[in-house]
Amino acid sequence: MQNPPDYRNDTVLPLPMEVQANAWAVDGACSGNPGPMEYRCVDLQTGYEVFRFGPIQGTNNIGEFLAIVHALALMEQKGITDKVIYSDSVSGMAWARNAKAKTVLERTPLTAQALDLVARGEFWLRTHMFRVPIIKWDTKKWGEIPADFNRK
């Protein structure tokens with residue numbers, strides 16, 4: 001059996017002392033606002049990409065929110081309760097905490113898929129009690145989050 005592809009980047013290992021290694025890091029990226037949006041999750045112990053979605057037409061905040069919800073749902077599905085999630089997005093974390101995305105993205109044929117996923121994510125958060133800690137990634141102190149798309 002082949003090993004999974006190695007998606008490690010230079011920011012994954014070694015981790016800062018304050019960062020828990022038994023964790024997933026999530027991040028969203030968008031070219032323009034709105035524009036092609038995608039998100040992903042990286043396991044901090046291995047550096048492997050856990051999932052990646054997109055691109056679809058959306059916004060960066062939507063990508064950040066969906067990455068958090070996707071990580072929570074996948075952890076629940078797999079029975080993972082001993083990890084934490086790191087996100088560098090204050091908005092994405094607040095939207096997840098409140099189970100309400102405060103997006104102002106206009107619904108068009110291009111943005112419908114992203115907005116449908118947002119509604120689905122909000123519904124999931126309202127109907128599932130599963131939670132693991134979501135911790136703010138301190139970019140100023142630790143550098144870019146390991147799930148970053150390195151497009152700056």
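Cys-41 touches Trp-24, Ala-25, Val-26, Tyr-48, Glu-49, Val-50 and Phe-51, leaving aside residues up to four places away in sequence. Contact here means heavy atoms within 4.5 Å. The structure is a predicted model, in which local features need pLDDT of at least 70, side-chain atom pairs count only at pLDDT 80 or more, and totals for chains, interfaces and linings use all residues. Residues are numbered from 1 along each chain as its sequence is written, and side-chain values use heavy atoms, with hydrogens and water left out.

Cys-41 lies in strand 2. Helices (H or I, at least four residues) and strands (E, at least two) are DSSP runs, numbered from the N terminus. The relative accessibility of Cys-41 is 0%, so this residue counts as buried. Buried means under 20% relative accessible area, exposed over 50%, and partly exposed in between (1.4 Å probe, protein chains only). The C-alpha atoms of Cys-41 and Ile-85 are separated by 9.2 Å, and the two residues are 44 apart along the chain.

A disulfide is a pair of cysteine sulfur atoms within 2.5 Å. By this rule the count is zero. Cys-30 takes part in no disulfide; its nearest cysteine sulfur, that of Cys-41, is 19 Å away.

Cys-30 is also among the contacts of Thr-59, together with Asn-33, Pro-34, Met-37 and Leu-105, again not counting residues up to four places away in sequence. Thr-59 sits in the loop between strand 3 and helix 1. Thr-59 is buried because its relative accessible area is 10%.

Two of these contacts, Asn-33 and Pro-34, are joined by a cis peptide bond, with omega about 0°. Pro-34 belongs to the loop between strand 1 (23–30) and strand 2. A cis bond also joins Gly-54 and Pro-55, with omega about 10°. Pro-55 is found in strand 3. Most residues other than glycine have a negative phi, and most peptide bonds are trans.

Ala-99 has a positive phi of about 55° although it is not a glycine. At 12% relative accessibility, Ala-99 counts as buried. Within helix 2, the buried residues include Gly-92, Met-93, Ala-94, Trp-95 and Ala-96. The buried residues of helix 2 pack against helix 1, strand 4 (84–87), helix 3 and strand 5 (134–136).

Helix 3 has 16 residues. Its first and last C-alpha atoms lie 22 Å apart, close to the expected 22 Å. The expected span is 1.5 Å times one less than the number of residues. Buried residues of helix 3 include Ala-112, Leu-115, Val-118, Glu-122 and Leu-125. Their cover includes strand 2 (35–43), strand 3 (49–58), helix 1 and helix 2 (90–98).

The largest pocket holds about 260 Å³ of space. A pocket is an open set of points on a 1 Å grid over the protein atoms alone, where a 1.4 Å probe fits, with protein on both sides within 12 Å along at least five of seven lines; lining residues have an atom within 4 Å of a point. Helix 1 (60–78) and helix 3 (112–127) each supply at least two lining residues. The lining includes Tyr-39, Phe-53, His-70, Arg-120 and Trp-124. It divides into seven nonpolar residues, two polar and one charged. Ala, Val, Leu, Ile, Met, Phe, Trp, Tyr, Cys and Pro count as nonpolar, Asp, Glu, Lys and Arg as charged, and the others, Gly among them, as polar.

Definitions and conventions:
Grid points are joined across faces, edges and corners, and a volume is the space filled by probe spheres set on the points.
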